[in-house]
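User: Could you walk me through the ligand sites and pockets of this model? I would like the cut-offs along the way.

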Amino acid sequence: MISVDEHRSAVTELVGTRPAVELPLADCAGLVLAKDVHAGVSLPPFDNSAMDGYAVRSVDVAHASEDEPAELPVSEDIPAGRTDIPTLLPGTAHRIMTGAPMPEGADTVVIVERTDGGTDTVRIFTDAAPGAHVRRTGEDVAVGTVALKAGTVLGPAQLGLASAVGLDRLTVHAPPRVLVVSTGTELVLPPRKLRHGQIYESNSVMLVAALRALGCEVESVRSVADDVDTFRATIEPRLEGVDLVVTSGGVSAGAYEVVKDALTGAGITFTKVAMQPGGPQGCGRWNGVPVVTLPGNPVSVLVSFEAFLRPAILSSLGHTGVDRRHVRARLLETLESPKGKRQFRRGYYTHSEGQVTGVVGPRGGPGSHLLAAFTQANCLIVLGEDVTEAPEGSEVDVLLL
Ligand SMILES: Nc1nc2c(c(=O)[nH]1)N[C@H]1C(S)=C(S)[C@@H](COP(=O)(O)OP(=O)(O)OC[C@H]3O[C@@H](n4cnc5c(N)ncnc54)[C@H](O)[C@@H]3O)O[C@H]1N2
Ligand code: MOO
Ligand SMILES: [Mg+2]
């Protein structure tokens, strides 16, 4: 029997670090930057107006007021996007729009609301400080500096900045291509009708969704019979072109453990992990391809994903920060836990403003077939290996989902 932490380390080492690749910005959301981004342009790239109004010299409006407006001829119109910008001559104004380049000679902008809005001449009812409503070249980013550091998680703001400094592709850690395989002679896919003894397949659906949410490219084989030859013949030809195989089922102690029977001696180590659910686990390389074998019970699949695959894949993609948050919470009812095993119970956590700890109650029992209860959970209650009873009112560790 090995510990949860030992198996997580083994799976993390097996999945490794993904190579760096260049992808279009649209495919980079949620991924981690593998190389510093240097700004190819300054932001803003040129001095420009922050408001719609008139570009003037501050000295020409120094004495302007409501009672004694300054009256200036309007010599140019500068909408955003105009690229030929004539110099402003003393004693004149250029009408200017937000984002348009400041003309040489002008040092300030008077907003249109403080003028009569004239197009041939303009009456200006206020003075203006030098630099007012002017956005300076490089005040956000200076050309040549590092705009985004390697290791940055690429969310909307980061992708926007990459585009603003002139990039349409970024170097990121390539998301793995994953093959998900559900085993079990009892598994049936809708719309086929169930016969007594058969069930509808659900594990691959959960795994595909969970893996895609991390950015993985995923294919699945949703129902392989518990027959070693069929398993090998179905999966072996698909190993080429995938970076990781995740199987469910067929790994415990019975007589038809297809995954265990097919892959023992082929490079996969099967083991018991000191946890509940999710005890029977395995990992290793099959024909060089990393394979992680999960137990078949649906709740065990999702708990194993949280405990092993999610951290391993995030690490392979270059994520280093905190992912799921651990918090402490007060138990609403007494829970029992098997001695020597880490128990992961589905729970519902609530927290109100100003409270140091929240409260948490279980959703459903410990049974690893109770999938409906999982849908009502927002966390996993984690009871340590040394805990056999966690009394009502005691503080426990909670992993927020
Ligand atoms: N004598 C023992 N029996 C069992 C042990 C043990 O230590 N000794 N461990 C139990 C535990 S814990 C688990 S977990 C399961 C794991 O078994 P397998 O990985 O071999 O999984 P299967 O037997 O194939 O399936 C278990 C269960 O889950 C259902 N299942 C499987 N695949 C799917 C799927 N894709 N979609 C929906 N449901 C699925 C399957 O019908 C079984 O009910 O072994 C215990 N037994
Ligand atoms: O350990 Mo099993 O994964 O309880 O169902
Ligand atoms: Mg079995």
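**Ligand sites, pockets and backbone**

Analyst: A backbone N or O atom of G279 lies 2.8 Å from an oxygen atom of ligand 2. This is a predicted model, where local features need pLDDT of at least 70 and side-chain atom pairs pLDDT 80 or more, while totals for chains, interfaces and linings use all residues. Residues are numbered from 1 along each chain as written, chains are lettered from A and ligands numbered from 1 in the order written, and side-chain values use heavy atoms, without hydrogens and water.

User: Thanks! Which side-chain contact with an oxygen atom of ligand 2 has a distance of 2.5 Å?

Analyst: Polar contacts here are pairs of N or O atoms within 3.5 Å; within protein, one must be able to donate a hydrogen and the other to accept it, and residues adjacent in sequence count only if both atoms are side-chain atoms. A polar side-chain atom of N297 is 3.1 Å from an oxygen atom of ligand 2. The contact at 2.5 Å is made by a polar side-chain atom of S300.

User: Now ligand 1: which residue has a polar side-chain atom 2.6 Å from one of its oxygen atoms?

Analyst: Ligand 1 is surrounded by 23 residues, with E186, E201, V251, E257 and K272 the closest. The oxygen contact at 2.6 Å belongs to K272.

User: What is the volume of the largest pocket?

Analyst: On a 1 Å grid over the protein atoms alone, a pocket is an open set of points where a 1.4 Å probe fits, with protein on both sides within 12 Å along at least five of seven lines; lining residues have an atom within 4 Å of a point. The largest pocket is the space taken by ligand 1, as more than half of the ligand's atoms lie within 2 Å of the grid points. With points joined across faces, edges and corners, and volume taken as the space filled by probe spheres set on them, the value is about 390 Å³.

User: Which element gives the largest share of the lining of the second largest pocket?

Analyst: This pocket has a volume of about 280 Å³. Its lining has 13 residues, with R8, E306, P311, H326 and L399 nearest the centre, and divides into six nonpolar, one polar and six charged. Helices (DSSP H or I, at least four residues) and strands (E, at least two) are numbered from the N terminus, and the largest share, five residues, comes from α6.

User: Where is the cis peptide bond with omega near 10°?

Analyst: A cis bond with omega of about -10° joins L43 and P44, and P44 is in the loop between β2 and β3. P191 lies in the loop between β13 and β14. The bond with omega near 10° runs from P190 to P191.

Conventions
Near = heavy atom within 4 Å. Nonpolar A, V, L, I, M, F, W, Y, C, P; charged D, E, K, R; others polar.
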